Amino acid sequence: MTPLAERLIRRMRASGPMTLAEYMAECLLDPDHGYYATREPFGVAGDFTTAPEISQMFGELIGLCLAQSWLDQGAPSPFTLAELGPGRGTLMADLLCATRGVPGFHDALRLHLVEASPRLRDRQRKALPGIAISFHDTAEDLPPDAPLFLIANEFFDALPIRQFRREGDRWREVMVTAGADGLALGLSDAAPIPVLAHRLADTLEGDTVEICPSAPAISEAIARRIASCGGLALIIDYGGWRSLGDTFQALRGHQPEDPLASPGLADLTAHVDFEPLAQAAKAAGGATSYTEQGPFLERLGISPRAERLARNLSGAQRESHLAAHRRLTRAEEMGHLFKVLAIHPAFAPPPGFT
């Protein structure tokens, strides 16, 4: 049993069960034992590998997409270039490398990274030497008075969720409890849940629905800036449109495990429900576009880019490069599971969606 598990059990025995959202927040963000405070999550030596770590092509194409949208909107200067959850800084480094040839882009940008972890902030500084960076704890802290060009890759999947199971016209919330042998899952008493009233029309007895309480507010804050000043936000993550089913999961050493098994030692995530993100963005005045990652990258030109890079490679390097292209784009790998939501002005739909 991990030290964090022992502490959570003591807390629940004293004050009762906690929601999945509370459990996720403790496991990921506890300053002493939380996953992001104590672990190196990224890459082969970590617990998962994100698209920027798979291939430089991902960050390059994201960068060129943002740059083209910036040009389409009149090349405003200055503008905010932002990333939510920048990890090791790999995506931003590739993005900036790919956009060096775009006249005026680098001179106009002001780089802002939303990263709460001091340890990861240090990694990002090392990945982006010589670049002035403004760090923020939340997306709401981003400048409100400048065009915003933003990327959020595998950021929303780590936000804490609540999970509900339908019983008649009511819902029972999935809770984490202190069992006789450690942590266990239980259910609250059935009750009406106003935020899920509309889901009674498209769910059945026993269906599970997940909500992410903090996600719509972040989407709304981003969209409000874009509606006011222009820009583009690309939200890329695994998930779908309208939550249905249990997607709460843990990953440790690139292998799935019981989310209750090792609090603080495993990454906890859930599939992103893009529908409430889009609804919040539209309510704030933004327009939205939505597609799968595979077609999005293909429309941006990943296959020709992969072919050009392959010409200079041979043997194992070439095969690894081609495998990375397949992993990012094929439906049976990341191409279908991962989705892309763009928030943009109505007059300026971004490249990659049509």
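Analyst: A pocket, on a 1 Å grid over the protein atoms alone, is an open set of points with protein on both sides within 12 Å along at least five of seven lines; its lining residues have an atom within 4 Å of a point. This is a predicted model, in which local features need pLDDT of at least 70 and side-chain atom pairs count only at pLDDT 80 or more, while totals for chains, interfaces and linings use all residues. Residues are numbered from 1 along each chain as its sequence is written, and side-chain values use heavy atoms, with hydrogens and water left out.

User: What makes up the lining of the second largest pocket, and which residues lie nearest its centre?

Analyst: The lining has 25 residues, and E210, I211, C212, D273 and P276 are those nearest the centre. Strand 9 (208-211), helix 9 (215-229), strand 14 (272-273) and helix 10 (274-283) each supply at least two lining residues. Helix 10 gives the largest share, four residues. By class, 15 of the lining residues are nonpolar, four polar and six charged. The space in this pocket is about 360 Å³.

User: How do you know that the length of helix 5 agrees with its number of residues?

Analyst: The expected span is 1.5 Å times one less than the number of residues. For the 17 residues of helix 5 (residues 56-72) this gives 24 Å, and the end C-alpha atoms are 24 Å apart, so the two agree. At the start of this helix, a side-chain oxygen of S55 comes within 3.1 Å of the backbone nitrogen of M57. After the helix comes G74, with a positive phi near 90 degrees.

User: Why is the pair of W70 and F105 called edge-to-face?

Analyst: Rings of Phe, Tyr and Trp (its six-membered ring) pair if their centres lie within 6.5 Å; planes under 30 degrees apart count as stacked, over 60 as edge-to-face and the rest as tilted. The structure holds 10 such aromatic pairs. The centres of the W70 and F105 rings are 5.2 Å apart and the planes stand at 80 degrees, so this pair is edge-to-face. W70 in helix 5 and F105 in helix 7 (residues 105-108) are 35 residues apart, and the pair links distant parts of the chain. Both residues are buried. W70 and F105 also belong to one aromatic cluster with F79 and F149.

User: What makes the pair of F274 and Y290 tilted?

Analyst: Here the centres are 5.6 Å apart and the planes of F274 and Y290 are at 55 degrees, so the pair is tilted. F274 lies in helix 10 and Y290 in strand 15 (residues 287-292), 16 residues apart. F274 has 0% relative accessibility and therefore counts as buried. Y290, at 32%, therefore counts as partly exposed.

User: Where is A75, and what is its phi?

Analyst: A75 is in the loop between helix 5 and strand 2. Its phi is positive, about 50 degrees, although A75 is not a glycine. P78 lies in the loop between helix 5 and strand 2 (79-84), and a cis peptide bond with omega about -5 degrees joins S77 and P78.

User: Is A75 buried or partly exposed?

Analyst: A75 has 30% relative accessibility and therefore counts as partly exposed.

Key:
Polar contact = N/O pair within 3.5 Å; in protein donor to acceptor, adjacent residues only side chain to side chain. 1 Å grid on protein atoms, 1.4 Å probe; cavity = no way out; pocket = protein on both sides within 12 Å on 5 of 7 lines; lining within 4 Å. Points joined across faces, edges and corners; volume = space filled by probe spheres on them. Nonpolar A, V, L, I, M, F, W, Y, C, P; charged D, E, K, R; others polar. Buried < 20%, exposed > 50% of the residue type's maximum accessible area, 1.4 Å probe, protein only.
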